[in-house]
Amino acid sequence: MRVLILGAGFGGLQLSARLSEELGDDVEVTLIDQADGFVFGFSKLDVMFGRTTEQAVRHSYADVVKPGVRFVSTTIRAIDPVAKRVETDAGGFDGDVLVVALGADLHPEATPGLLEAGYEFYTPDAAFRLRQILQDFPGGRVIIGVTSTPFKCPPAPSETALLMHDFLAERGLRDRSEIALVMPLGAPIPPSPAASQAILAAFAERGISWHPSTLITRLDPDRKVAVTAAGDEIAFHLFLGVPKHQVPAVVAESGMCVDGWIPVDPLTLQTRYEDVYAVGDVTSVGTPKAGVFSERQADVVADTLIARARDAQTSSTYDGTGICYLEFGAEEVARVQVTFVSGRPPYGTFDDPSAQLARDKAEFGTSRVRRWFGRDWTSLES
Ligand SMILES: Cc1cc2nc3c(=O)[nH]c(=O)nc-3n(C[C@H](O)[C@H](O)[C@H](O)COP(=O)(O)OP(=O)(O)OC[C@H]3O[C@@H](n4cnc5c(N)ncnc54)[C@H](O)[C@@H]3O)c2cc1C
């Protein structure tokens with residue numbers, strides 16, 4: 001069986017690793033990505049706040065050496081979901097099965113003034129550049145603001161506010177600074193009231209101001225104000241923005257999307273095209289856009305393809321569950337587990353911040369790097 005996997009992020013890496021582990025050379029996996037390497041979302045915050053270095057968090061695709069898997073470093077220019085074929089800068093590729101795991105692209109230029117007056121912190125390069133900018137920041141009014149929905153990792157802006165508090169406090173700049181978090185959501189993590197309550201209590205303790213249900217629509221570079229959808233203005237010295245997300249252009253042009261994202265069967269991740277699956281941020285499967293959900297969706301597709309290769313049956317279906325670790329600052333991490341099932345409200349559990357959960361989060365990263373890249377790694381090594 002020839003499996004063509006588009007995108008080597010959380011979803012593509014997990015799927016290719018599982019197929020290789022279970023089928024070895026009995027499967028022909030072609031994994032395509034245009035980036036040099038993989039960077040965990042949370043590593044962007046770690047580099048930005050000086051907790052580790054850019055070199056330490058980039059996992060080179062040259063290390064993806066697995067039986068049955070060929071990694072191709074190139075840009076995908078066209079996808080034909082009927083023929084299960086793609087055109088790339090390195091030529092055409094086709095498969096018996098096609099899996100689209102191309103994630104969400106980021107468009108800071110879609111928000112007027114964001115790149116002139118502020119910074120986005122969601123792409124690796126922008127987050128890495130912020131490391132020096134934050135080192136040089138003399139203190140002042142900081143806004144962390146969201147410019148569009150949906151956006152990856154809904155807890156990340158709250159984590160950024162809490163880490164910013166620690167960063168400024170450690171430098172003796174907290175007294176002359178203000179931190180505000182401006183988000184279109186009504187709660188920091190809407191599916192988990194317990195997690196939201198804990199985050200809001202942490203904001204109150206640290207004097208972080210919270211502006212719920214508020215979207216930033218533009219920045220005025222001359223007056224250094226952020227303008228909300230309601231027309232209110234908030235002044236800043238440093239603006240860190242979550243940019244607009246959309247599917248990569250090659251996905252939009254493939255005809256696979258409905259309302260901007262690829263619809264899939266929520267149990268099997270199958271698209272409306274035969275033998276074409278989609279996992280992760282590129283879909284509208286109904287879970288938040290986060291790596292843990294992409295990974296679990298990839299596991300279900302892996303189970304299906306492994307069973308097919310063995311002429312066996314599988315009962316594996318996607319259960320909508322994800323476990324997210326939340327940085328609370330003070331070297332503590334909390335954990336939220338949420339399950340999204342269509343037709344009923346999400347439900348889950350919350351574990352209070354602790355040093356033990358910080359160690360668990362580190363192991364989460366270490367175990368993925370071991371499985372996907374075959375080497376040891378510690379997330380906060382500098
Ligand atoms: C600041 C921040 C913190 C985060 N923290 C967490 C966290 O703690 N836990 C968590 O679970 N998630 C977290 N996330 C979210 C997580 O990073 C994403 O949701 C996850 O990476 C999505 O996985 P994916 O496989 O769907 O797509 P991606 O991981 O985005 O992978 C898509 C891949 O497709 C490639 N690609 C795109 N277009 C093309 C093309 N035309 N040709 C070739 N290749 C292409 C890209 O290079 C990329 O490697 C965070 C995100 C951010 C920004």
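Two strands are taken to pair if DSSP finds at least two bridges between them. Helices (H or I, at least four residues) and strands (E, at least two) are themselves DSSP runs, numbered from the N terminus. The structure described here is a predicted model, in which local features need pLDDT of at least 70 and side-chain atom pairs count only at pLDDT 80 or more, while totals for chains, interfaces and linings use all residues. Residues are numbered from 1 along each chain as its sequence is written.

The bridge partner of Cys324 is Val336, in S22. Strand S22 (residues 332-339) and S21 pair in the antiparallel sense over 8 bridges. Together with S23 they form an open sheet of 3 strands, in the order S21-S22-S23, with antiparallel pairing. S21 and strand S23 (347-354) each have a single partner strand, so these edge strands are left without a neighbour on one side. On average, neighbouring strands of this sheet are turned by 15 degrees against each other, direction ignored. Helix H10 (residues 355-373) packs on the sheet and touches S21, S22 and S23, where contact requires C-beta atoms, placed from the backbone, within 7 Å. The direction of H10 makes about 65 degrees with that of S22; axes are lines fitted to C-alpha atoms, for helices over the stretch in contact, and angles run from 0 to 180 degrees between N-to-C directions.

The wider layout comes next. An automatic or database domain assignment divides the chain into domain 1 (2-104 + 247-309) and domain 2 (107-245). The C-alpha centres of domain 1 and domain 2 lie 30 Å apart. Their contact takes 14 residues from domain 1 and 19 residues from domain 2. On the side of domain 1 that touches domain 2, H2 gives the most, with 5 residues.

H2 also matters to the picture of the ligand: the largest share of the shell around the ligand, 4 residues, comes from H2. In all, 35 residues surround the ligand, and the closest are Gly7, Gly9, Gly41, Gly103 and Gly280; a residue is near a molecule if its C-beta atom, placed from the backbone, lies within 6 Å of it. Elements that each supply at least two residues of this shell include helix H1 (10-23), strand S2 (28-33) and strand S21 (321-329). Domain 1 and domain 2 each contribute at least three residues to the shell. By class, the shell has 19 nonpolar, 11 polar and 5 charged residues, with Ala, Val, Leu, Ile, Met, Phe, Trp, Tyr, Cys and Pro counted as nonpolar, Asp, Glu, Lys and Arg as charged, and the others, Gly among them, as polar.

Strand S15 (residues 216-220) and strand S16 (residues 225-228) run antiparallel and are joined by 4 bridges, with Ile216 opposite Thr228. S16 also pairs with strand S17 (residues 233-235) in the antiparallel sense, over 3 bridges, and Val225 has Ala235 as its bridge partner in S17. Each hairpin has 4 residues between its strands. Lys224 takes a positive phi near 50 degrees in the hairpin of S15 and S16, and Gly231 one near 90 degrees in that of S16 and S17.

Some backbone details complete the description. Most residues other than glycine have a negative phi, and most peptide bonds are trans. Lys84, in the loop between strand S6 (76-80) and strand S7 (85-88), has a positive phi near 55 degrees. Thr149 and Pro150 are joined by a cis peptide bond, with omega about -5 degrees.

Technical notes: Two residues are in contact if their C-beta atoms, placed from the backbone, lie within 7 Å.
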